[in-house]
Amino acid sequence: MNDITETRKPPVATTGILGWLRMNLFSNWVNSLISLFVLYILIQFIPWILNWTIFAADFKYNFNGEEIIDRTMCSRVLDPENGGACWAIIYVRFYQFMYGFYPRDEVWRVNLSYIMLAVAVVPLLFDKFPFRKHFLKFTYVFPVIVFFLLNGGLGLESVSTNKWGGLLVTLVLGCTGIALAFPLGIVLALGRRSNLPVISMMCTLFIEFIRGVPLITLLFFGMVMLPLFLPEGINMDGLARVLVAVTLFQSAYMAEVIRGGLQAIPQGQYEAARSIGLSYWQMNLKVVLPQAIRISIPSIVNTSIGLFKDTTLVIIVGLLDLLGIGRGALADTTWLGLAYEVYFFVSLVFFIFTFAMSRYSLYLEKKLKTGINMGAD
Amino acid sequence: MSEDSIISLQNVNKWFGDFHVLKDVDLDVKKKERIVVCGPSGSGKSTMIRCINRLEEHQEGTIIVDGIELTGNLKNIDSVRKEVGMVFQQFNLFPHLSVKENITLAPIWVKKMPKLEAEELAMQQLEIVKIPEQANKYPGQLSGGQQQRVAIARSLAMKPNIMLFDEPTSALDPEMIKEVLDVMIDLAEGGMTMIVVTHEMGFAKTVADRMVFMDEGRIVEQAIPEKFFNNPESDRTKLFLSQILNH
């Protein structure tokens, strides 16, 4: 006799790997057919791509064991039938991909900056990081340190920004753009919702203007027109001009994303904050924004990923970011025709960064949703 | 306005667009007086008490709270809000902060109290509302009754002289209403000046010094509870009472 409260195990057919396969891939004949078709494609494609990118590929030496110094020594040029990717182009030009034309004697400064970037950002992203509070102090001064470290000054030899390039430029543009646009976006979003018509109108105009103009136009604007607005005799650095354009562009998008979050906050939150005596800024900083930003995390990360990729547009105004260095490498006659390798590598580097951002956003969403722990920030 | 009145509304008029919500409202509240406001929905009860801490702006007439007149002057509004606590129908706790943080927020930022002292204060307030064990939980983990008691503690932490309650039990399940009313009765017995908008007539009978009945934006009748319930003057009051008492 069965007790009515006795719990039973679920039917075997719905659990485990087999159950999962049956439920998700072979639930009816159409699904089964699609599953088999996709499986066939994967079986055809994956070995080929692994072979091309890894097993049959050259890294430093070709299949004869010679060190590759130009395109004619690549296995796939010598033997188009069997040769895989010729990563030697990346290997030989790796320095440029990472640092551009930064002087070799000073390159430790860039490496140190990369390491410090990790030390500054990781504790910021994970609230359980040990001694986070102390690390965050470092995060605040990090931009200043890196500015002098990369740019020179305070006893360090000055390195002009036109020598910067590759991943260095991509990261400087991406990180600075995102980091500066975030607070600026918050201010613009609050401004747009302000009760004061002048402020609200100015913010709205600014946001709509910037959003209505392509980034490339803003980059040209920064390059050509920004100097006109500066007092005579002051010459603004090319990279700085582009940074201004990128930051303004990103802040307009950020503002709209955060405004979306602000609109989701119930009126009662404002009233409660007001009724216990909080001022406008206290109310926003302590009550409204923490909630609004939490809601907007997916969109914030989304626009940040967008910006990170859009930094490649600076090639138009003559800065050599990662993609720009890649195109430079392709224009070099010794390496002509290795476009696959270069674009694959550039894509991979971008993918690593953007995928990390997207995963982080998922992690945050999960943490904030599943954790009743709404308090961690 | 009498000598010892702490809140005084004179000829207050307010419109939402073209809609005239408050019509010539006059109300004097003495120190330590407990007022219960009732009336049909849309009668302007909530709007009236929300005008007292200026969550709503009145367009005509004067409102004086603890000697401060409410005008566009932001400084005055801030000082009035420090004197007046408010409890809402929907609790309006801050969901991203723990119970303790909800309560310490204003003392720390508005009164610049040191964190430890504020936390001690928060625990005292939680003792008053009888849920000290919930201090480290988040609002989402609490029942409605518990949330409303935290909301009361949050207001009390600012040591207000006056407490406004805007239908504090209307959003609660029946079995949780009592725990909130009990806290409010304790408060009343402690000598707090209170204005309570509620339909809990049992509570009104126990606690109120004066009943205020509103309809269509006007104060129709004011009386001590005995007279209000047993011998109301206006027909409108009689109709309202018959509808809410005999169901």
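This tour moves through selected helices, aromatic rings, a pocket and a strand residue of the structure above.

The model is predicted, so local features need pLDDT of at least 70, side-chain atom pairs count only at pLDDT 80 or more, and totals for chains, interfaces and linings use all residues. Residues are numbered from 1 along each chain as its sequence is written, chains are lettered from A in the order in which they are written, and side-chain values use heavy atoms, without hydrogens and water.

Select residues 29–55 of chain A, which form helix H2; helices here are DSSP runs (H or I) of at least four residues, strands (E) are runs of at least two, and both are numbered from the N terminus. The 27 residues of H2(A) reach 37 Å from the first C-alpha to the last, close to the 39 Å expected at 1.5 Å a residue. That expected span is 1.5 Å times one less than the number of residues. At the start of H2(A), a side-chain oxygen of A:Asn28 comes to within 3.2 Å of the backbone nitrogen of A:Val30. The buried residues of this helix are A:Ser32, A:Ser35, A:Trp52 and A:Thr53, where buried means under 20% relative accessible area with a 1.4 Å probe and protein chains only.

Next, select residues 238–263 of chain A, helix H11. Its end C-alpha atoms are 38 Å apart, which agrees with the 38 Å that its 26 residues should span at 1.5 Å a residue. At the start of H11(A), A:Asp237 places a side-chain oxygen within 2.9 Å of the backbone nitrogen of A:Leu239.

**Aromatic rings**

Over all chains, the structure holds 23 aromatic pairs. Rings of Phe, Tyr and Trp (its six-membered ring) pair if their centres lie within 6.5 Å; planes under 30 degrees apart count as stacked, over 60 as edge-to-face and the rest as tilted. Select A:Tyr99 and A:Tyr114, a stacked pair with 6.2 Å centre to centre and 15° between the planes. A:Tyr99 belongs to helix H5 (residues 94–99) and A:Tyr114 to helix H6 (residues 107–125) of chain A, 15 residues apart. A:Tyr99 is buried, with a relative accessible area of 11%.

Then select A:Tyr102 and A:Trp164, whose ring centres are 6.5 Å apart and whose planes are at 50°, so the pair is tilted. A:Tyr102 lies in the loop between H5 and H6 and A:Trp164 in the loop between H7 and H8 of chain A, so the pair ties together parts 62 residues apart in sequence. Both A:Tyr102 and A:Trp164 are buried.

A further selection is the cluster of A:Trp52, A:Trp87, A:Tyr340 and A:Phe344, linked by ring pairs.

**The second largest pocket**

Select A:Asn195, A:Tyr270, A:Arg274, A:Tyr280 and A:Met283, the closest to the centre of the second largest pocket among its 30 lining residues. Helices H8, H12 and H13 of chain A, together with H2 (74–83) of chain B, each supply at least two residues of the lining.

**Chain B**

Select residues 45–52 of chain B, helix H1. Seven of its eight residues are buried, so H1(B) is largely enclosed by the rest of the structure. B:Arg54, which follows H1(B), has a positive phi near 60°.

Finally, select B:Thr193, in strand E8 (residues 193–197) of chain B. B:Thr193 counts as buried, at 2% relative accessibility. A polar atom of its side chain lies 2.9 Å from the backbone nitrogen of B:Lys32.

Conventions:
Polar contact = N/O pair within 3.5 Å; in protein donor to acceptor, adjacent residues only side chain to side chain. 1 Å grid on protein atoms, 1.4 Å probe; cavity = no way out; pocket = protein on both sides within 12 Å on 5 of 7 lines; lining within 4 Å. Buried < 20%, exposed > 50% of the residue type's maximum accessible area, 1.4 Å probe, protein only.
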